[in-house]
Structure formats: structure tokens, C-alpha cells
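Colleague: Please take a close look at one part of this model. I would like a connected account that I can follow with the structure open.

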Amino acid sequence: MENKRVLIIDDDADIRFMLNYFLAQKGLHIELASDGKEALEVLASSPSAPDYILMDWIMPVMNGRMFFNYLLENNPSAFKKTKFIVLSGADISPEFPQIGQSVDLLMKPFSIDQLFQRFNFPAEIFLPSEL
């Protein structure tokens with residue numbers, strides 16, 4: 001998984017910290033943004049699309065739906081190989097746009113093993129805490 005890039009977008013700094021902590025330990029290169037607008041700035045300064053975008057759906061400024069729609073309207077081909085993992089405390093799967101990309105819903109709260117499954121990492125033993 002080395003050299004794989006992950007953009008984490010979440011307005012909760014604690015969630016960003018924990019996701020960064022666990023995924024960086026697996027050798028992933030992590031970029032962080034607190035909302036969709038900031039994520040667009042991160043993407044604009046990157047030479048290519050990340051391999052994964054791990055994003056909250058409900059955020060201030062630019063929420064997940066607005067961010068996702070912006071990508072699809074402005075440069076959909078750039079993100080054809082990007083896997084989107086949407087984080088939400090509510091079942092928002094009916095809201096997912098039909099785009100043909102890999103979109104996965106990870107319901108909050110979730111365990112580290114559930115997170116790692118989205119990246120095809122083997123299960124590990126952690127204390128029974130959830131994010």
C-alpha cells in the first residue's frame with residue numbers, strides 16, 4: 001500500500017487525527033481537509049487524484065454531497081480510479097449519486113477493523129473502542 005494517497009475530509013479534528021494516525025501506520029500518504037472547500041484546495045495543489053477519498057457527508061461550508069457533485073461536474077474522469085469512502089452516522093446510501101465509481105458507506109461509529117477492511121488490510125487486534 002505504500003505510495004497510495006488518501007485524502008481525509010472531516011470537520012471533526014479528532015476524527016481526522018485518528019484516521020490519520022491509523023492509516024499512516026499502514027504506510028499510506030495522508031492529506032487532510034476540514035470540509036469540501038478545503039479539500040478542493042488540497043486537490044488543486046496535487047499532481048493527481050488520490051487513490052482514496054475518505055469523507056464525512058455532513059460538514060459545514062461544503063458538505064460531502066456538494067463536494068462530490070463538484071468533482072463530477074468539473075473533472076469526473078480524473079477520479080475514475082479513486083475509491084470514495086463516505087463516513088456518516090445516518091444511512092445516506094439512497095443519496096449516493098449514480099456515478100459508476102467505487103463508493104462505500106462506513107457508518108459511524110465504526111471500529112478500526114471496519115476501517116481497515118475498506119483498504120483490504122488484514123484484521124488486527126485492538127481494544128474494543130470505536131471511532
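Modeller: Valine 6 counts as buried because its relative accessibility is 0%. Buried means under 20% relative accessible area, exposed over 50% and partly exposed in between, with a 1.4 Å probe and protein chains only. The model is predicted, so local features need pLDDT of at least 70 and side-chain atom pairs count only at pLDDT 80 or more, while totals for chains, interfaces and linings use all residues. Residues are numbered from 1 along each chain as its sequence is written, and side-chain values use heavy atoms, with hydrogens and water left out.

Valine 6 sits in strand β1. Strands (E, at least two residues) and helices (H or I, at least four) are DSSP runs, numbered from the N terminus. What does valine 6 touch, leaving aside neighbours within four places in sequence? Its contacts are Leu23, Leu28, His29, Ile30, Glu31, Tyr52, Leu54 and Phe119. A contact means heavy atoms within 4.5 Å. Alanine 24 is 18 residues from valine 6 along the chain, and their C-alpha atoms are 9.4 Å apart.

Now the sheet around β1. Five strands make an open, parallel sheet in the order β2-β1-β3-β4-β5. Two strands pair if DSSP finds at least two bridges between them. β2 and β5 are the edges, each pairing on one side only. From one strand to the next, the twist averages 20°. Such angles run from 0 to 180 degrees between N-to-C directions; the axes are lines fitted to C-alpha atoms, for helices over the stretch in contact. β1 and β2 run parallel and are joined by five bridges. Isoleucine 9 stands opposite alanine 33 in β2.

α3 touches β1, β3, β4 and β5, and its direction makes about 145° with that of β3.

Look along α2. Its buried residues include Gly36, Ala39, Leu40, Val42 and Leu43. They lie on the same side of α2 because they cover an arc of only 160° around the axis. The arc is that of the directions from the helix axis to the C-beta atoms. An α-helix has 3.6 residues a turn, so residues three or four places apart point the same way. The buried residues of α2 pack against β1, β2 and α3.

The largest nonpolar core has 20 residues, and Leu7, Ile9, Ile53, Met55, Phe67 and Leu71 touch the most other members. A nonpolar core is a set of buried Ala, Val, Leu, Ile, Met, Phe, Trp, Tyr and Cys residues joined through side-chain atoms within 4.5 Å. β1, α2, β3, α3 and β4 each give two or more residues to it. α2 supplies the largest share, four residues. Another core lies apart from it, with 19 residues, among them Phe22, Leu54, Phe110 and Phe121. In soluble globular proteins, nonpolar side chains tend to be buried together.

For contrast, go to the loop between β3 and α3, where valine 61 lies. Valine 61 is exposed, with a relative accessible area of 59%. Its phi is positive, about 70°, although it is not a glycine.
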